[in-house]
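I am opening a notebook page on this structure, and I want to write down what I look up in the order in which I come to it.

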Amino acid sequence: MMMADNLFLKIINKELKANVVHEDDQCLAFTDVRPQAPVHVLIIPRKVIRTHDDLGEEDKALIGHLHLVAVQLAKKLNLTDGYRLVLNCKERAGQTVPHLHLHLLGGRAMTWPPG
Ligand code: 5GP
């Protein structure tokens, strides 16, 4: 079912297991269960924000923090040749979990345009 269940909230609340690679007071990062690249990490805010379209002025620092965590993780995971950040907003763009998340993908060459 598309966008029905907020599985990521269950991961935040430790009701669902995940391979957590980063955790702090604002966000969590864990490996994607269906990796699309050798490195595929999801970075999510602890705050429930359904989609990118729901971001407000009050989220400025938070969204900046998610990006800085991506930089930190890219270093930690040795993505020195580059990486791709993906954020799918709403079903038509491929969003399946109703909790804003950044995909950090790397470890292989990427093509453009994405599908
Ligand atoms: P979206 O399609 O919404 O941009 O990305 C959702 C991502 O979450 C997908 O890449 C999917 O593989 C991943 N995913 C869905 N359910 C789970 C889960 O229970 N655990 C983990 N680690 N990843 C999940």
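The model is predicted, with local features needing pLDDT of at least 70 and side-chain atom pairs counting only at pLDDT 80 or more, while totals for chains, interfaces and linings use all residues. Residues are numbered from 1 along each chain as its sequence is written, and side-chain values use heavy atoms, with hydrogens and water left out.

Next I asked which residues come nearest to the ligand. Of the 17 residues around the ligand, these are Asp-32, Asn-88, Gly-94, Thr-96 and His-103, where a residue counts as near if one of its heavy atoms lies within 4 Å. By class I recorded eight nonpolar, seven polar and two charged residues in this shell, with Ala, Val, Leu, Ile, Met, Phe, Trp, Tyr, Cys and Pro taken as nonpolar, Asp, Glu, Lys and Arg as charged, and the others, Gly among them, as polar.

A backbone N or O atom of Thr-96 is 2.7 Å from a ligand oxygen, a polar backbone atom of Thr-31 lies 2.9 Å from a ligand nitrogen, and a side-chain N or O atom of His-101 is 2.9 Å from an oxygen atom of the ligand. The ligand taken alone exposes 520 Å², of which the protein buries 86%, by the Shrake-Rupley method with a 1.4 Å probe.

My next entry concerns the pocket. The ligand takes up the space of the largest pocket, as more than half of its atoms must lie within 2 Å of the grid points for it to sit there. A pocket is an open set of points on a 1 Å grid over the protein atoms alone, where a 1.4 Å probe fits and protein lies on both sides within 12 Å along at least five of seven lines, and lining residues have an atom within 4 Å of a point. The lining has 17 nonpolar, twelve polar and five charged residues.

Lastly, I noted a cis peptide bond between Trp-112 and Pro-113, with omega about 5 degrees, and Pro-113 is in the segment after β5.

How values were computed. A polar contact is a pair of N or O atoms within 3.5 Å; within protein, one must be able to donate a hydrogen and the other to accept it, and residues adjacent in sequence count only if both atoms are side-chain atoms. Helices (H or I, at least four residues) and strands (E, at least two) are DSSP runs, numbered from the N terminus.
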